[in-house]
Amino acid sequence: MTRYTVTTAIPYVNGRPHVGHALELVQTDVLARYHRQRGHAVRFQSGTDDNALKNVQGAEAAGVSVAEFVARGASRFAALGTALDLSFDDFIRTSSDPRHRPGVEQLWAACAARGDLYRKAYSGLYCVGCERFYDRSELTADGLCDEHGTAPELIEEENWFFRLGAYQDQLVELVESGRLRIEPASRRREVLAFLRSGLEDFSASRSVARARGWGVPVPGDPGQVIYVWFDALANYITAPGYGTDPAQFDQWWTGGERVHVIGKGIIRFHAVYWPAILLSAGLSTPDTIFVHEYVTVDGAKISKTAGNAEDPAEIAQRYGSDALRWWLLSEVAGSGDTDFTHARLVNRANEDLANNLGNLVNRTASMIHRYRGGVVPTSTVECLDALPLRKVRATAGATIGDALEAFDFRRAVEAVTAIGDAGNRYVEAVKPWHLARNGDDERLDAVLAELVATGRDIAVHLAPFLPAAAERIAIQCGQSFDPLPEPRPVFPRLQAG
Ligand SMILES: [Zn+2]
């Protein structure tokens, strides 16, 4: 049995969920659902990064305890599970999940035992937004963080450092050999260039004073707290049981396939720091890291300060989760950022869902009722004019499989709309209403049977992408040869506003 783990990054909870989070969650959900459909054992894992310094500052600003602040923030992300039809198998909160801290401590101890952690006095420019130090050369001409547009602060303290430099050759070999696959290829090249430019050790702890005592203390050094990225990355292994449930951890992490889905802003942490930490601890590295681009709103990068963060739960409530999922899957590009607007979402949903797939299902169900009293006919008549439609139906599964293997979500959903296109063309070409008028019952039976089979195919192929809609289509097209339910539009026609 193939065991397949697919994860999202865990977001900081000090901000509200925005449409960019929805992209990553939906892409990951599709991979999970597709693999389940293939009969694989799947763990779809998400969660929240509660131990960031930013949360401490956010709680201070809000005048509540850090624990209360992060619980409130985390619940907004967990609630996306229902709002976006996500099939989470596991959702880990790094501050409160009892599995997390023992695993982080064990990971730290394993790296320390390897001799990869050492103390050193340090000063550097720190962006709290990114939770990382920057070289001056990495900042904008004005000395600002490119991600946040803010000036990093100068920090001086004694920290624990991780010997990242010691892993340079192993990391290059991992990526070059493809044992760590990074998609798309442009991101793989970016990682290789960074690896070859030379790796500096990174600071893996913070003073308790600066962290305000929030986070996991360094084992044996209570004056230091483990760096939030070391802590957060560990979620990928603490959830399946590293440090608490060795048998389950072996089954899922060591013995299974490991796939991370992340945004382009955090590649270095996932494709460089994280595999190095795992190598140091003697653990398996990820098999694949898929890097998605950003969703912008009105042409601007989403940020709290810009006030342009569209709330995915609100969008889904207004237009339906199908419409939002469909837009994210069918329009977000594999390279370059994609701009979200309500009009684009509405147009895409009306064109592909209401006018194409929905129309085909609806006219099929309506004709079965009008001409056959709701009972799906059986037929042994060969319809030669159905061959183009048959071909599209027969190849959809392989196309979807290839596309998802390449993380090309747009190509995958196009294979579903292609069935709708071919089905609607078939209806226009054979004109079942003419067959009915002319009393050509044998051929009408054959055409109607063909259309119902097409609707059932659509339901199957659509299921990983739009699970709720796929179920409605399956019901409309009848799972058995009992009379079909009264036809009802599967997709509403949406209006932007
Ligand atoms: Zn930053």
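## An enclosed helix

The buried residues of helix H13 are Ser-321, Asp-322, Ala-323, Leu-324, Arg-325, Trp-326, Trp-327, Leu-328, Leu-329, Ser-330 and Glu-331. Buried means under 20% relative accessible area, exposed over 50%, and partly exposed in between, with a 1.4 Å probe and protein chains only. Helices are DSSP runs of H or I with at least four residues, numbered from the N terminus.

## About the model

This is a predicted model, in which local features need pLDDT of at least 70 and side-chain atom pairs count only at pLDDT 80 or more, while totals for chains, interfaces and linings use all residues. Residues are numbered from 1 along each chain as its sequence is written, and side-chain values use heavy atoms, leaving out hydrogens and water.

## The zinc site

The zinc ion has these protein donors: Cys-127 (SG), Cys-130 (SG), Cys-145 (SG) and His-148 (ND1). They lie 2.1 to 2.3 Å from the ion. Donors are N, O and S atoms within 2.8 Å of the metal (3.2 Å for Na, K and Ca); water is not among the atoms, so sites may look incomplete. Along the sequence, the donor residues follow the spacing C-x2-C-x14-C-x2-H. Cys-127 and Cys-130 are both buried.

The four donor atoms subtend angles of 94 to 119° around the zinc ion, which makes the arrangement tetrahedral. For four donors, that term requires all angles to lie between 85 and 135 degrees.

## H1 and H15

Helix H1 (residues 19-37) and helix H15 (residues 387-405) cross at roughly 130°, and their axes come within 11 Å. Axes are lines fitted to C-alpha atoms, for helices over the stretch in contact; angles run from 0 to 180 degrees between N-to-C directions. H1 and H15 are therefore oblique to each other. Angles under 35 degrees count as roughly parallel, over 145 as roughly antiparallel, 65 to 115 as roughly perpendicular, and the rest as oblique.

In contact (heavy atoms within 4.5 Å), Val-30, Leu-31 and Tyr-34 of H1 meet Gly-397, Ile-400, Gly-401 and Leu-404 of H15. H15 also holds Ala-394. At 65% relative accessibility, Ala-394 counts as exposed. Ala-394 and Ile-419 are 25 residues apart in sequence and 9.6 Å apart in space, C-alpha to C-alpha.

## H14 and H18

Helix H14 (residues 342-372) packs against helix H18 (residues 441-462) at an angle of about 145°, their axes 10 Å apart. Residues of H14 that meet H18 include Leu-357, Leu-360 and Thr-364. On the H18 side, Leu-444, Leu-448 and Leu-451 are among those in contact.

Notes: Tetrahedral: all angles 85-135°; square planar, octahedral: opposite > 155°, others 65-115°. Helix = DSSP H or I, 4+ residues; strand = E, 2+ residues; numbered from the N terminus.
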